[in-house]
Amino acid sequence: MKSYTLKERELPLDDSWDVIVVGGGPAGCTAATAAARDGAKTLLVEATCTLGGMGTMGLVPAWCPFSDHEKIVYRGLAQRVLEATRSAMPHLSEKNVDWVPIDPERLKRVYDDMVTESGASILFGTMLAAVETKDGRTDTLIVTNKSGLTALRAKVYVDCTGDADLAAWAGAETVKGDDHGDLQPATHCFILANVDTYAYTTTSCLHRLKPGSPAVDIARDEKYPLIRDTHICNSLIGPGTVGFNAGHLWQVDNTDPVSVSKAMVDGRRQAAQFRDAFAEYDPRAFGDAFLVATAPLMGIRETRRIVGEYVLTIDDYLARRTFPDEICRNSYHVDVHHSANEIEKNIRGEVHGMGRYEHYGPGESHGIPYRCLVPKGLSNVLVAGRSISTDRDTQGSTRVMPVCLAMGEAAGAAAAMSVETKGDVRSVDVETLRARLRDAGAYLP
């Protein structure tokens, strides 16, 4: 590709911030809330015009489990988000804390209220464009929006982009995918309306694990060539309205806009094929269903992971390991979605992402160390969300929304603490941080 040199220019600079959080997904929302709650002047920068990431713009239809089958382990702000969303969905039981359906419009307002009530400011429609470093520190962010290019500066930054954009562009070491660079497939979520609620709740069996599921027949039906496997997760999110986390799209890299652009087109076509397939194979529930929405964001499961002060490994996961500097607990199973060459095995039921490692028993969990949020080589940057420092298999567990909410709160609280030391995230006294998180309701046994 040819190169172009930007002309030297002056940009407007806003250097009034203590903490800048980039990325308004679950981790970014709790990071900004916690930082502002703890006294830091905080700005949350979000590329879209909606907070919530995969739960709102991504249309993921249900939360992964919040419990270890005995108790809620993602507490504090995470539990607040769950309860505030669930409270406006009268068809849900208050006792249900696992695989709780999501009303995306309600969740948008929950995040708006939580972040703004904390005192944090939000800058929507703004993308990170470049990161300037100085004397070994992350100095200034260059962002772009309808005002053009603007410079933003803070004492400490929290990268919640999901792709470790800020950390990577600041010079942090990152890894991506497996040993060959292959990534988990993406999913383009969608919503069907005008579903027969009674038929759906009493006789529908689309999920591949349900007896009598037509998932295999649909995947083999030549009328629906874009449906290539049996991944059909679905939840009733409102009257006659079902959200779907269904299908896979391979060779999608969220750091490559060309691949994402192609996937968005393919995903919308795939969603239309799913509607037609469901109407054919489950006509009682879906015969009159209407494809009412496809997600504005592609459902990305992995891209970059930082190399942090500690790399959480699958051995740590299997050992249910506890760490002296852990800032949250995690109990979700290792959920690495299958590669393209595993499709046929998946259709035959021989392999699927949830069966790669043993699941935890009731009451079991592992810790996530603060060091996993600290990129090597960067002094005033923390990372929270799916791009923390783990190996590839463990990322299949730590990538989901409940744990991202918990680690985001920890990152925000730590960022606020580090303001007094010019943003030095390694100066944070971890015992003080853990005590602060416990005071805010975190589960840290």
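Helix α1 passes helix α12 in a right-handed crossing (the near helix is turned clockwise from the far one by less than a right angle). The model is predicted, with local features needing pLDDT of at least 70, side-chain atom pairs counting only at pLDDT 80 or more, and totals for chains, interfaces and linings using all residues. Residues are numbered from 1 along each chain as its sequence is written, and side-chain values use heavy atoms, with hydrogens and water left out.

The axes of α1 (residues 26–37) and α12 (residues 401–418) come within 7 Å and cross at roughly 30 degrees, the axes being lines fitted to C-alpha atoms over the stretch in contact and the angles running from 0 to 180 degrees between N-to-C directions. α1 is therefore roughly parallel to α12 (angles under 35 degrees). Contact (heavy atoms within 4.5 Å) involves P26, A27, T30, A31, A34, A35 and R37 of α1 and M401, C404, L405, G408, E409, G412, A413 and A416 of α12. By class, this contact of α1 with α12 has 10 nonpolar, 3 polar and 2 charged residues; Gly counts as polar.

Strands β4 (residues 127–134) and β5 (residues 137–145) pair in the antiparallel sense over 7 bridges, where pairing requires at least two DSSP bridges. A130 has I142 of β5 as its bridge partner. β4 and β5 form a hairpin with 2 residues between them, and D135 in the turn has a positive phi of about 55 degrees.

Aromatic pairs (ring centres within 6.5 Å) number 12. The rings of F190 and F274 have centres 5.7 Å apart and planes at 25 degrees, so this pair is stacked (planes under 30 degrees apart). The pair links distant parts of the chain, with F190 in strand β8 (residues 190–193) and F274 in helix α7 (residues 257–281), 84 residues apart.

Definitions and conventions: Helices (H or I, at least four residues) and strands (E, at least two) are DSSP runs, numbered from the N terminus. Angles under 35 degrees count as roughly parallel, over 145 as roughly antiparallel, 65 to 115 as roughly perpendicular and the rest as oblique. Rings of Phe, Tyr and Trp (its six-membered ring) pair if their centres lie within 6.5 Å; planes under 30 degrees apart count as stacked, over 60 as edge-to-face and the rest as tilted.
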